[in-house]
Amino acid sequence: MDNFSNYRERRGFNWAALISGILMIIAGVFLISHPNKALHAFVLLFAIISIVQGFVWFAFYSRFRYFVSFSWISIVTGVLDIIIGILFLYSYDAAGLTIAYLFALWFLFDSISGIIFTWHLRSLSGFYFWINMILSIFGLLIAVGLMFNPMLSALTLIWLVAFWLFIFGISEVIAAFAHR
């Protein structure tokens with residue numbers, strides 16, 4: 001029997017989705033209400049992830065050192081990841097500035113890639129070419145603005161994450177009620 005035949009029997013209120021959605025919405029409100037604390041939370045999260053990733057690279061080396069001739073790179077990368085994580089834990093301000101610049105660089109590279117890859121649309125559709133080109137140039141201008149104002153970049157990052165939390169939080173709450 002297939003998995004969908006007893007779907008009606010398994011329907012009911014989804015408490016996990018409701019709780020998850022409410023927590024996402026609360027987190028989004030927290031991010032918007034306390035941007036400075038949110039940036040510190042991002043820094044702490046990135047620091048922990050960086051340190052854990054360093055140990056993952058060490059595990060990669062121990063597992064693949066006999067199979068991959070250049071596996072020593074994983075040791076160097078692991079050490080660098082751990083150092084970056086410790087530096088992020090040591091200096092929240094420098095780490096926040098680094099994250100802000102990385103966010104701005106991400107926008108910059110994506111915008112430049114958008115401009116480069118928009119050229120393939122020129123032969124397919126003039127309308128889509130110009131719309132894509134205008135949006136990519138607009139993204140490039142935003143990226144340059146973020147590069148010159150790292151605080152704006154950090155706040156933009158916080159607002160985007162908060163917006164994402166609102167969208168998926170509301171979606172989870174709706175999903176909780178939809179399965180009744």
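This is a dialogue about reading the features of a predicted model.

Me: How do I read the reach of helix α2 from its first C-alpha to its last?
Reply: Compare it with the expected span, which is 1.5 Å times one less than the number of residues. Helix α2 (residues 35–64) has 30 residues and reaches 42 Å, close to the expected 44 Å. Helix α4 has 27 residues and reaches 38 Å, close to the expected 39 Å.

Me: Which residues of α2 are buried, and what covers them?
Reply: Buried means under 20% relative accessible area, exposed means over 50%, and partly exposed lies in between (1.4 Å probe, protein chains only). Contact means heavy atoms within 4.5 Å. In α2 the buried residues are A38, L39, F42, V43, A47, S50, I51 and G54. Their cover includes α1 (15–33), α3 (72–90), α4 (92–118) and α6. For the whole protein chain, 27% of the 180 residues count as buried.

Me: And which residues are buried in α4?
Reply: Among them are A95, G96, I99, F103 and L108. The cover of the buried residues of α4 includes α2, α3, α5 and α6.

Me: Which residues touch the most other members of the largest nonpolar core?
Reply: In soluble globular proteins, nonpolar side chains tend to be buried together. A nonpolar core is a set of buried Ala, Val, Leu, Ile, Met, Phe, Trp, Tyr and Cys residues joined through side-chain atoms within 4.5 Å. The largest one here has 18 residues, of which L31, V43, F88, I99, L157 and I158 touch the most other members. The elements giving two or more residues to this core are α2, α4 and α6. Take V43 as a case: leaving out residues up to four places away in sequence, V43 touches F88, Y92, A95, G96 and I99.

Me: At what angle do α5 and α6 pack?
Reply: Axes are lines fitted to C-alpha atoms, for helices over the stretch in contact, and angles run from 0 to 180 degrees between N-to-C directions. Helix α5 (residues 126–148) and helix α6 (residues 150–178) pack at about 115°, with axes 5 Å apart. L146, M147 and F148 of α5 meet P150, L152, S153 and T156 of α6.

Me: What does Y101 contact?
Reply: Y101 is found in helix α4. Setting aside neighbours within four places in sequence, Y101 is in contact with M147 and P150. Y101 and P150 are 49 residues apart along the chain, yet their C-alpha atoms are separated by 6.1 Å. Y101 counts as partly exposed, at 32% relative accessibility.

Me: Is S74 buried or exposed?
Reply: S74, which lies in helix α3, counts as buried at 2% relative accessibility. Not counting residues up to four places away in sequence, S74 touches W57, F60 and Y61.

Me: How many aromatic pairs does the structure hold?
Reply: A pair of aromatic rings is described by the distance of the centres and the angle of the planes. Rings of Phe, Tyr and Trp (its six-membered ring) pair if their centres lie within 6.5 Å; planes under 30 degrees apart count as stacked, over 60 as edge-to-face and the rest as tilted. The structure holds 5 such pairs. The W106 and F107 rings have centres 5.9 Å apart and planes at 85°, so this pair is edge-to-face. W164 and F168 form a tilted pair, 4.9 Å centre to centre with 45° between the planes. W164 and F168 are 4 residues apart in helix α6, so about one helical turn separates them. There is also an aromatic cluster, formed by F103, W106 and F107.

Methods. Residues are numbered from 1 along each chain as its sequence is written. This is a predicted model: local features need pLDDT of at least 70, side-chain atom pairs count only at pLDDT 80 or more; totals for chains, interfaces and linings use all residues. Side-chain values use heavy atoms; hydrogens and water are left out.
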